[in-house]
Amino acid sequence: MNSYRAMSTVSPASTTNDDIANGFQNLGISNVNDVQITCFSDVFNDTTLHFQIIRLPKQIYAWIGCDSAKFGHLYAAAPTRPNNTVSVSSLLGGNSDNTGSGIARRIVIKTGVPLTLACNIPKDSPMLEAAAEKKLVQKLNALGYTKSKHRELYS
(Lines give C-alpha, C1' and ligand atoms only; values in the text may rest on other atoms or scores of the structure.)
Protein backbone atom coordinates (compact mmCIF):
# COMPACT_ATOMS: atom_id res chain seq x y z
CA MET A 1 0.00 0.00 0.00
CA ASN A 2 1.46 3.36 -0.91
CA SER A 3 1.69 6.19 1.61
CA TYR A 4 -0.94 8.32 -0.14
CA ARG A 5 -3.54 5.60 0.17
CA ALA A 6 -2.62 4.93 3.81
CA MET A 7 -2.99 8.61 4.67
CA SER A 8 -6.29 8.92 2.85
CA THR A 9 -7.87 6.10 4.89
CA VAL A 10 -7.46 7.99 8.17
CA SER A 11 -10.43 10.19 8.92
CA PRO A 12 -10.82 12.81 11.65
CA ALA A 13 -13.76 10.83 13.03
CA SER A 14 -11.42 7.91 13.77
CA THR A 15 -9.20 10.09 16.01
CA THR A 16 -9.92 9.55 19.69
CA ASN A 17 -9.08 11.52 22.80
CA ASP A 18 -6.54 8.81 23.63
CA ASP A 19 -4.80 9.47 20.30
CA ILE A 20 -4.61 13.17 21.10
CA ALA A 21 -3.36 12.50 24.65
CA ASN A 22 -0.70 10.12 23.30
CA GLY A 23 0.40 12.79 20.83
CA PHE A 24 0.82 15.28 23.68
CA GLN A 25 2.76 12.71 25.72
CA ASN A 26 5.11 12.24 22.77
CA LEU A 27 5.81 15.99 22.99
CA GLY A 28 6.62 15.68 26.70
CA ILE A 29 3.26 17.04 27.85
CA SER A 30 1.81 14.81 30.53
CA ASN A 31 -1.56 16.51 30.83
CA VAL A 32 -3.67 18.11 28.11
CA ASN A 33 -4.56 20.79 30.67
CA ASP A 34 -0.88 21.84 30.72
CA VAL A 35 -1.37 23.49 27.30
CA GLN A 36 -3.15 26.85 27.21
CA ILE A 37 -3.97 28.53 23.90
CA THR A 38 -4.96 32.19 23.69
CA CYS A 39 -5.82 34.05 20.48
CA PHE A 40 -6.73 37.73 20.14
CA SER A 41 -6.45 40.71 17.80
CA ASP A 42 -5.82 44.43 18.23
CA VAL A 43 -5.87 47.44 15.92
CA PHE A 44 -3.05 50.00 15.95
CA ASN A 45 -3.13 52.96 13.50
CA ASP A 46 -5.47 51.15 11.10
CA THR A 47 -3.24 48.05 11.15
CA THR A 48 -4.65 44.83 12.52
CA LEU A 49 -2.34 42.79 14.72
CA HIS A 50 -3.23 39.15 15.36
CA PHE A 51 -1.76 37.22 18.29
CA GLN A 52 -1.64 33.59 19.34
CA ILE A 53 -0.01 32.44 22.55
CA ILE A 54 0.49 28.76 23.32
CA ARG A 55 1.70 28.09 26.85
CA LEU A 56 3.43 24.75 27.19
CA PRO A 57 4.69 23.42 30.55
CA LYS A 58 8.17 24.97 30.26
CA GLN A 59 8.02 27.34 27.30
CA ILE A 60 5.86 29.79 25.41
CA TYR A 61 5.08 29.88 21.70
CA ALA A 62 3.79 33.21 20.38
CA TRP A 63 2.77 34.37 16.92
CA ILE A 64 2.25 37.98 15.88
CA GLY A 65 0.62 38.54 12.51
CA CYS A 66 0.41 41.95 10.86
CA ASP A 67 -2.65 42.39 8.60
CA SER A 68 -2.50 38.74 7.54
CA ALA A 69 -2.12 35.19 8.77
CA LYS A 70 1.39 34.82 7.32
CA PHE A 71 3.76 32.91 9.55
CA GLY A 72 6.71 35.29 9.16
CA HIS A 73 10.17 34.76 10.61
CA LEU A 74 10.65 32.26 13.44
CA TYR A 75 12.93 32.91 16.40
CA ALA A 76 13.88 30.91 19.48
CA ALA A 77 15.04 32.73 22.62
CA ALA A 78 16.06 31.34 25.99
CA PRO A 79 17.74 32.49 29.18
CA THR A 80 21.37 31.42 29.35
CA ARG A 81 23.61 30.89 32.33
CA PRO A 82 25.74 31.91 34.18
CA ASN A 83 25.31 35.61 33.29
CA ASN A 84 21.48 35.65 33.10
CA THR A 85 21.60 36.82 29.51
CA VAL A 86 19.22 35.84 26.71
CA SER A 87 20.29 34.02 23.57
CA VAL A 88 18.22 34.42 20.40
CA SER A 89 18.47 32.37 17.23
CA SER A 90 16.72 32.78 13.91
CA LEU A 91 15.14 29.45 12.93
CA LEU A 92 13.31 30.41 9.73
CA GLY A 93 14.03 33.50 7.66
CA GLY A 94 15.32 36.77 9.00
CA ASN A 95 18.40 37.30 11.08
CA SER A 96 19.27 38.58 14.54
CA ASP A 97 18.56 42.24 13.72
CA ASN A 98 14.97 41.69 12.62
CA THR A 99 11.91 42.87 14.51
CA GLY A 100 11.04 39.49 16.00
CA SER A 101 14.43 38.81 17.53
CA GLY A 102 14.29 41.96 19.67
CA ILE A 103 10.76 41.20 20.82
CA ALA A 104 11.73 37.60 21.64
CA ARG A 105 14.75 38.74 23.67
CA ARG A 106 12.74 41.23 25.73
CA ILE A 107 9.87 38.78 26.34
CA VAL A 108 12.31 36.18 27.71
CA ILE A 109 13.86 38.81 29.98
CA LYS A 110 10.38 39.59 31.34
CA THR A 111 9.16 35.99 31.66
CA GLY A 112 12.32 34.00 32.35
CA VAL A 113 10.82 31.27 30.13
CA PRO A 114 12.12 30.03 26.75
CA LEU A 115 10.12 31.47 23.87
CA THR A 116 9.53 30.54 20.25
CA LEU A 117 8.22 33.57 18.37
CA ALA A 118 6.86 33.80 14.84
CA CYS A 119 6.48 37.37 13.65
CA ASN A 120 5.67 39.07 10.35
CA ILE A 121 5.80 42.72 11.46
CA PRO A 122 7.56 44.84 8.80
CA LYS A 123 11.14 45.73 9.73
CA ASP A 124 10.63 49.44 8.99
CA SER A 125 7.76 49.88 11.48
CA PRO A 126 9.23 50.58 14.93
CA MET A 127 5.97 52.05 16.28
CA LEU A 128 4.04 48.98 15.18
CA GLU A 129 6.72 46.73 16.72
CA ALA A 130 6.49 48.60 20.03
CA ALA A 131 2.68 48.43 20.02
CA ALA A 132 2.70 44.70 19.27
CA GLU A 133 5.25 43.98 21.99
CA LYS A 134 3.33 46.10 24.51
CA LYS A 135 0.07 44.27 23.74
CA LEU A 136 1.78 40.87 23.95
CA VAL A 137 3.38 41.72 27.30
CA GLN A 138 0.04 43.00 28.64
CA LYS A 139 -1.61 39.72 27.69
CA LEU A 140 1.24 37.64 29.14
CA ASN A 141 0.89 39.63 32.39
CA ALA A 142 -2.87 39.08 32.44
CA LEU A 143 -2.36 35.35 31.90
CA GLY A 144 0.25 35.21 34.68
CA TYR A 145 3.17 34.20 32.45
CA THR A 146 5.60 36.95 33.47
CA LYS A 147 7.86 37.03 36.50
CA SER A 148 6.38 38.96 39.37
CA LYS A 149 8.52 41.69 40.91
CA HIS A 150 7.88 40.16 44.34
CA ARG A 151 9.31 36.81 43.23
CA GLU A 152 12.34 38.54 41.67
CA LEU A 153 13.13 40.41 44.88
CA TYR A 154 13.09 37.34 47.09
CA SER A 155 14.49 34.63 44.84
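Tutor: Two strands are said to pair if DSSP finds at least two bridges between them, and strands themselves are DSSP runs (E, at least two residues), just as helices are DSSP runs (H or I, at least four residues), both numbered from the N terminus. Here β4 and β5 pair in the antiparallel sense, over 7 bridges, and leucine 74 stands opposite leucine 92 in β5. Please keep in mind that this is a predicted model, in which local features need pLDDT of at least 70 and side-chain atom pairs count only at pLDDT 80 or more, while totals for chains, interfaces and linings use all residues. Residues are numbered from 1 along each chain as its sequence is written, and side-chain values use heavy atoms, with hydrogens and water left out.

Student: In what order do the strands form the sheet, and which of them stand at the edges?

Tutor: The sheet is open and has 6 strands, in the order β1-β2-β3-β6-β4-β5, with mixed pairing. At the edges stand β1 and β5 (85-92), each of which has a single partner strand, so one side of each is left without a neighbour in the sheet. From one strand to the next the twist averages 15°. α4 packs on this sheet, touching β1, β2 and β3, and its direction makes about 40° with that of β2; contact means heavy atoms within 4.5 Å, and such angles, which run from 0 to 180 degrees, are taken between the N-to-C directions of axes fitted as lines to C-alpha atoms, for helices over the stretch in contact.

Student: How do the side chains of a strand such as β6 point, and are they buried or exposed?

Tutor: In a regular strand the side chains alternate between the two faces of the sheet. In β6, Leu115, Leu117 and Cys119 point one way and Thr116 and Ala118 the other way, and all are buried, where buried means under 20% relative accessible area, exposed over 50% and partly exposed in between, with a 1.4 Å probe and protein chains only. Since 5 of the 5 residues of β6 are buried, this strand is largely enclosed by the rest of the structure. On one side, 5 bridges join β6 to β3, and the two run parallel, with tryptophan 63 opposite alanine 118. β6 also pairs with β4, in the antiparallel sense over 5 bridges, and there alanine 76 stands opposite threonine 116.

Student: Which residues have the most contacts inside the largest nonpolar core?

Tutor: A nonpolar core is a set of buried Ala, Val, Leu, Ile, Met, Phe, Trp, Tyr and Cys residues joined through side-chain atoms within 4.5 Å. The largest one has 26 residues, and those with the most contacts inside it are Ile64, Leu115, Leu117, Ile121 and Leu136. The elements giving two or more residues to this core are β2 (47-56), β3 (59-66), β4 (73-80), α3 (99-111), β6 (115-119) and α4 (126-143), and α4 gives the most, with 5 residues. Apart from this core lies another, of 6 residues, among them Ile54, Tyr61, Trp63 and Leu74. Leaving aside neighbours within four places in sequence, leucine 117 is in contact with residues including Ala62, Ile64, Tyr75, Ile103 and Ala104.

Student: How many aromatic pairs are there?

Tutor: A pair of aromatic rings is described by the distance of the centres and the angle of the planes. Rings of Phe, Tyr and Trp (its six-membered ring) pair if their centres lie within 6.5 Å, and planes under 30 degrees apart count as stacked, over 60 as edge-to-face and the rest as tilted. By this rule the count comes to 1 aromatic pair. The rings of phenylalanine 40 and phenylalanine 51 have centres 4.6 Å apart and planes at 10°, so the pair is stacked. Phenylalanine 40 lies in β1 (residues 36-44) and phenylalanine 51 in β2, so the pair ties together parts that are 11 residues apart in sequence. Both phenylalanine 40 and phenylalanine 51 are buried.

Student: Which charged groups sit over rings?

Tutor: A charge sits over a ring if NZ of Lys or CZ of Arg is within 6 Å of the ring centre and within 35 degrees of the ring normal. The charged end of lysine 139 sits over the ring of phenylalanine 40, 5.0 Å from its centre, and arginine 55 lies over the face of tyrosine 145, at 5.1 Å from the ring centre.
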